[in-house]
Structures are given as structure tokens and as C-alpha cells.
Amino acid sequence: MSDVLALIEISHRGEIAASARGLLAAAARLGSPVAVVVSSEPLADDDVARLGELGAARIYSAVTAAASTVLVAPAVDALSAAAEAYEPAAVLTTNTADGREAAARLAVRTGGSVLADVVQVRNDNGTVVAQHSVFGGAYTVESTVDGGLPILTIRQGAIEGQAPAATADVSTASLEAPTAAAAVIERFNDDPMVSARPELRSAATVVSGGRGLGSSENFVLVEQLADVLGAAIGASRAAVDAGYVAQTAQVGQTGVSVSPQLYIALGISGAIQHRAGMQTAKTIVAINKDEDAPIFDVADFGIVGDIFTVVPKLIEAVKARSN
Ligand SMILES: Cc1cc2nc3c(=O)[nH]c(=O)nc-3n(C[C@H](O)[C@H](O)[C@H](O)COP(=O)(O)OP(=O)(O)OC[C@H]3O[C@@H](n4cnc5c(N)ncnc54)[C@H](O)[C@@H]3O)c2cc1C
């Protein structure tokens, strides 16, 4: 079976990022998963065991001091070295800004091709086939690479299930410090924006608020529901433009795409540009006072009602259940 490389991200807390499960599950559908990890210290035994649990048959551990200070370039160096060593059938990264950039740079280096924002993969007699959800989720299309290494950026949360657990063989390599000055960006290690809430793209539950919240003070309702559910916070562009919440929370065509298990939309009408970023969520719940709001067309469960009446009751009910 051909090897498939998966670039595993390390979270700001130094842990294996939640996106690793989906990447390794996708890699296992295409071949034998090889986790590529870039870190400033050799991988701890716990991390090796965790990657094995998530299905990594092998781990390519690239160690470089630049891992904690330089963005993307060390990951591209590690993927290039691993691609040379394993001659993989495909390379997978997350569909984040860093993951897409690593994919694009690797494609330039290897003469490969990028298949972006992939929501499902399959191995068609040795051909890597990627699925994409396009036009606001209205169509699912497939793409393949005509020659060259396929490099896929995988939408977080889109791939369900987990690869069979394995006992991972570890190869450790030392990476030279990146030399290309243009590729070197300093990482802000003490980022004050780092939140205790889950990261939006990889969260299992997302609670999003729209213009229906009416003000940044009222947006606290979204935060309260998110916190009792252990969810990440999202928003419509109208809520962002009105200054209720930071732009990093924007879900949709010009924001982030999410595929959580549960997406709760509060006071969001469901414009096609918003749906483009959340329609692949497994279960969608919408609360809106307008029964004709288009969000109900994609919702699995809908409540026609005032968020200021319904959401406090919902928060109380969730709290009562968790006690
Ligand atoms: C090129 C382009 C890109 C775009 N990209 C994005 C994007 O990435 N993401 C995005 O979200 N949008 C995007 N938009 C904007 C998009 O078209 C919509 O304008 C936006 O999504 C609307 O946000 P909203 O649903 O919060 O606001 P509205 O459409 O104003 O809807 C507010 C909803 O709240 C409901 N409501 C009001 N009060 C209450 C209440 N008390 N209780 C319950 N419900 C209530 C209303 O019934 C209404 O349905 C883009 C637009 C363009 C042209």
C-alpha cells in the first residue's frame, strides 16, 4: 500500500492538534498514513502513542529550533524531505491558512498539484480522488490530479471516523534552519487572543450569532450558550461588520469554513455566503424569529422564536442536564 503523508499541526499549547484525527483518517482511506510532525524537541512518548492511536503507521519527526519561531517554512522543508524519503501517493494538510500555504509551497517545490478544501477522499484503483462542497454546499464535485504529486488541503471536521490504531515507527530527522528570508515570519508566542474556547475550525460544536443579536453587548448570549456547550464561537459577516465580534469568528464564503458535529445559528438569516461556510456541519440547529428565514432550509432542527427568550431557557436546560 502506498504511503500518504499527513502534516500534523501542534497547537499553541504544544499538543497534537485536534485536526490530526481527520487527517490521519483521510490518509488511511488513501493508503498507509505517515504523520509528519515538526517540533523544536524530539517527540514525547505520549505524542507518539497518541499518533499511533489515531492511525499513524509511521511518524516522520522533523526537529528544528525554527519550529517555534518560524511559520510554514519548516513544515515545507519537512514535507519535502519526507516526500523524497517515502515517495507518497499523496500529501495531506489542513485547510487552514498555514496548511494551504504549506501545500502551495510544496507543490512548487515538487511539481505537484493542490486540491483545496477537500471534504472527502477516496482511492479509485490507485488514483487519489478528492471531493469538494461548492456553491454554498449546493453541489459536491470531485477532482483528481493529472500528473504530479496530489497535495490535498482537508477541511477540518469534514472527515468522519478514525483510522485503525497502529504502533507507529518513528524516524527522526534534524532540519536545517530555513534560509529564505521572505519565508521567515516571527510567531507571537504570547498571543493575547489565545482563548480557552475550542478553535473555531476544528471545534465539534459551534455557536454562531448574527445581526439578530442587535449589539455587541447582546452577543454575550452567544458566548454563554457556547460556554455551557464547550463550543467555539462563530458569527455572520453582518455581525462582524456591525462590530459585535472579531472578524476571526466570521463563518462563510469570505470567512472560515467549519464542519462541526453541531452548528447552532442564532439570529442568522442563512444567506448563501454564510451557508457556504457551515452547510457541511453534521447537525444544524437554527433559532430565528422569521419562519421564512432561509437558514431553516438547511437546518435539521429549527426553533421559530426570539433568541432573547429561547436562548436563556436553552442555557438553563443545558446546565440542568449537566448537573
Ligand atoms: C461577496 C460576499 C461575501 C460574503 N461573505 C459572507 C461570509 O463569509 N459570511 C457571512 O455570514 N456573510 C457573508 N456575506 C453577507 C451575506 O450576504 C449576508 O448579508 C449575511 O450573512 C447576513 O448576516 P445575518 O444573517 O447575521 O444578518 P441578516 O440577514 O440581517 O439576518 C438577521 C436575522 O436575524 C433574525 N432575527 C432578528 N432579531 C431576532 C431575534 N430577536 N430572535 C431571533 N431572530 C432574530 C432575523 O429574522 C434575520 O433572519 C457576504 C456577502 C457578499 C456579497
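Ile-268 is in contact (heavy atoms within 4.5 Å) with Ser-208, Gly-209, Gly-210, Ser-236, Tyr-263, His-274, Asn-288 and Ile-295, leaving aside neighbours within four places in sequence. This is a predicted model: local features need pLDDT of at least 70, side-chain atom pairs count only at pLDDT 80 or more, and totals for chains, interfaces and linings use all residues. Residues are numbered from 1 along each chain as its sequence is written, and side-chain values use heavy atoms, with hydrogens and water left out.

Ile-268 sits in the loop between β13 (262-266) and α7 (272-275); helices (H or I, at least four residues) and strands (E, at least two) are DSSP runs, numbered from the N terminus. Its relative accessibility is 3%, so Ile-268 counts as buried. Buried means under 20% relative accessible area (1.4 Å probe, protein chains only).

Now the ligand. The table lists polar contacts, pairs of N or O atoms within 3.5 Å.

| Residue | Atom on the protein side | Distance to a ligand oxygen |
|---|---|---|
| Arg-237 | polar backbone atom | 2.9 Å |
| Ser-269 | side-chain N or O | 2.7 Å |
| Asn-288 | side-chain N or O | 2.7 Å |

Taken alone, the ligand exposes 980 Å², and the protein buries 76% of that. Areas come from the Shrake-Rupley method with a 1.4 Å probe.

The largest nonpolar core has 31 residues. Such a core is a set of buried Ala, Val, Leu, Ile, Met, Phe, Trp, Tyr and Cys residues joined through side-chain atoms within 4.5 Å. The largest share, seven residues, comes from α1.

Definitions and conventions
Buried means under 20% relative accessible area, exposed over 50%, partly exposed in between (1.4 Å probe, protein chains only). A polar contact is a pair of N or O atoms within 3.5 Å; within protein, one must be able to donate a hydrogen and the other to accept it, and residues adjacent in sequence count only if both atoms are side-chain atoms.
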